Amino acid sequence: MQHELQGVQAFVKIAEIGCFTRASQFLHISQPALTRRIKKLEESLGTTLFERSTRRVKLTAVGRDFLPKAKNLLDFYESSILSIKEMATHQTGVITLSCLPTAAFYFLPAVIRDYNEHYPNIRIRILEHSANDCLEAVLNGDADFGINMINITHPYIEFTPLVNEPFVLACKRDHELAKKSLVMWEDLAGLRLIGVRKSSGNRLLIDQALEGFDWRPNWFYEVRHLSTSLGMVEAGLGVAVVPSLAMPTDEHHVLVSRPLIEPVIRRTLGLVVRRGNSLSPAAEKFREMLMKLWSQDNTSPWIGKFSN
C-alpha cells in the first residue's frame, strides 16, 4: 500500500507539472525511480495513465478520469494522518466517561480544569449513571472508562481503587442525633429514614452489611438520587444515610453529618475500564491526571477514619 500511495503521489505531481524531470526534482527522487513508481502504479491498475513522447507527457483518458480521484485520495490520507497525530498529541478529540453523580461532583471538576489548561481542544462528555448503568456503559464502549463502586463487578472489568469512604448520617442541625459525635446504627431504630431505592449499589451495600442484625432500618422514603434525599432532610421529612462524599463540602446552614458506627459501613470508589481495552492517548492522559490529583488531594473529612 505504501508503494501504491507513493505511485499516486508521483502520478498527481507529474500530471500537475507535465514533466517527469521536474516532478522528480520536486519529489526529491531520481527520474528512473519516479518512472518505476508510475510503472508499478499502472501495473497495479491494469492500465496506462500517461502518453509519453520525447517532447511531452500527456494524460490518457483513464488518467484524466483518475486524476481528481487521486487528489481526493491524497487529501483524505493527509487529513486522516493529521487527525491521528493531533489525537496522539492530545490536541483534539473527545473523552467520554461514566460515573456516579457524587463522584462526578467530587472527583472531576479539579481534574477537568487542570486537563483543559493543558489540552484546551479536548472535549469531555460526562455520563452521570447509576452503578449498574456505569458498568454497562464501560462494557458496551459507550464510555472510555468510569468511576464506580467496587461491589458492582464483572469479569471483563478492571477496578483501580481511588477512595474508601464511610456512610454517614445526614440530619438537620437541630435534630437530637446532631448532638452526638458518633451515631450507632441502632440509634436509628424507629426513625423515618430516607434512602435510595433497593436496586441501587449503595442500598445493596448497606442491606448486606446489616443482614445479620436483629433489627432493620425503617426506609420510610425511597428516592433515586442522593441529592433528593438531602433535600428531603433539609425539608424536615426525616434523616438520611449517605456516603460521606455526598455531603456538602462547605459548612451547610441546615445540614450536618455524623459518623455511623457499629458497624462502620464503607464503599470503595475507583476507576473501571474494560479488561484488555486500550484507552485513546487523550483518555489515558486524563486517567493519569485523575489518579495523580486524587493521590495528592484525599481531603474528605471522614475518609480513612472510624475503622471497625
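E262 is exposed, with a relative accessible area of 52%; exposed means over 50% relative accessible area, buried means under 20%, and partly exposed covers what lies in between (1.4 Å probe, protein chains only). The residue sits in the loop between β11 and β12, where helices (H or I, at least four residues) and strands (E, at least two) are DSSP runs numbered from the N terminus. The phi of E262 is positive, near 50°, in a residue other than glycine. A cis peptide bond with omega of about 5° joins E262 to P263, and P263 lies in the loop between β11 and β12. Most residues other than glycine have a negative phi, and most peptide bonds are trans.

**Basis of the model**

This is a predicted model, in which local features need pLDDT of at least 70 and side-chain atom pairs count only at pLDDT 80 or more, while totals for chains, interfaces and linings use all residues. Residues are numbered from 1 along each chain as its sequence is written, and side-chain values use heavy atoms, with hydrogens and water left out.

The mean pLDDT (the predictor's confidence in each residue, from 0 to 100) of the chain is 87, and 91% of its residues reach 70 or more. Over residues 299–308 the pLDDT is below 50; this stretch has 28 contacts in the model beyond near neighbours in sequence, a contact being heavy atoms within 4.5 Å. Where pLDDT is low, the predicted coordinates should not be read in detail.

**Other backbone features**

H28 is not a glycine but has a positive phi of about 60°. H28 belongs to the loop between α2 (20–27) and α3 (31–45) and counts as exposed, at 72% relative accessibility. Just after α6, G141 takes a positive phi of about 85°.

**L255 in strand β11**

L255 lies in strand β11 (residues 255–261). L255 is buried, with a relative accessible area of 6%. Leaving out residues up to four places away in sequence, L255 touches C171, R173, L230, V233, E234 and M247. Between L255 and V12 there are 72 Å in space, C-alpha to C-alpha, and 243 residues in sequence.

**Cysteines and helix α6**

The structure holds 0 disulfides, a disulfide being a pair of cysteine sulfur atoms within 2.5 Å. The sulfur of C99 is 6.9 Å from the closest cysteine sulfur, that of C134, so the gap is too far for a bond. C134 is likewise in no disulfide, with the sulfur of C99 as its nearest cysteine sulfur. C99 is buried, with a relative accessible area of 0%, and C134 is buried, also at 0%.

C134 is one of the buried residues of α6, with A131, L135, A137, V138 and L139. The buried residues of α6 pack against β3 (93–99), β5 (145–149), β6 (157–172) and β12 (266–274).

**Pocket and cavity**

Both were found on a 1 Å grid over the protein atoms alone: a cavity is a set of points where a 1.4 Å probe fits but cannot get out, a pocket is an open set with protein on both sides within 12 Å along at least five of seven lines, and lining residues have an atom within 4 Å of a point. Grid points are joined across faces, edges and corners, and a volume is the space filled by probe spheres set on the points. In the classes below, Ala, Val, Leu, Ile, Met, Phe, Trp, Tyr, Cys and Pro count as nonpolar, Asp, Glu, Lys and Arg as charged, and the others, Gly among them, as polar.

| Space | Volume | Lining by class |
|---|---|---|
| Largest pocket | about 580 Å³ | 12 nonpolar, 10 polar and 5 charged residues |
| Largest cavity | about 50 Å³ | 7 nonpolar, 2 polar and 1 charged residues |

The largest pocket is lined by 27 residues, and P101, T102, R224, H225 and L226 lie nearest its centre. The elements giving two or more residues to this lining are α5 (101–118), α6 (131–140), α7 (201–210) and α8 (226–234).

The count comes to 1 cavity of 30 Å³ or more. The largest cavity is lined by F167, G195, V196, N202, R203, I206, W219, L226, V241 and P243. At least two lining residues each come from β8 (193–196), α7 and β10 (239–243), and α7 gives the largest share, 3 residues.
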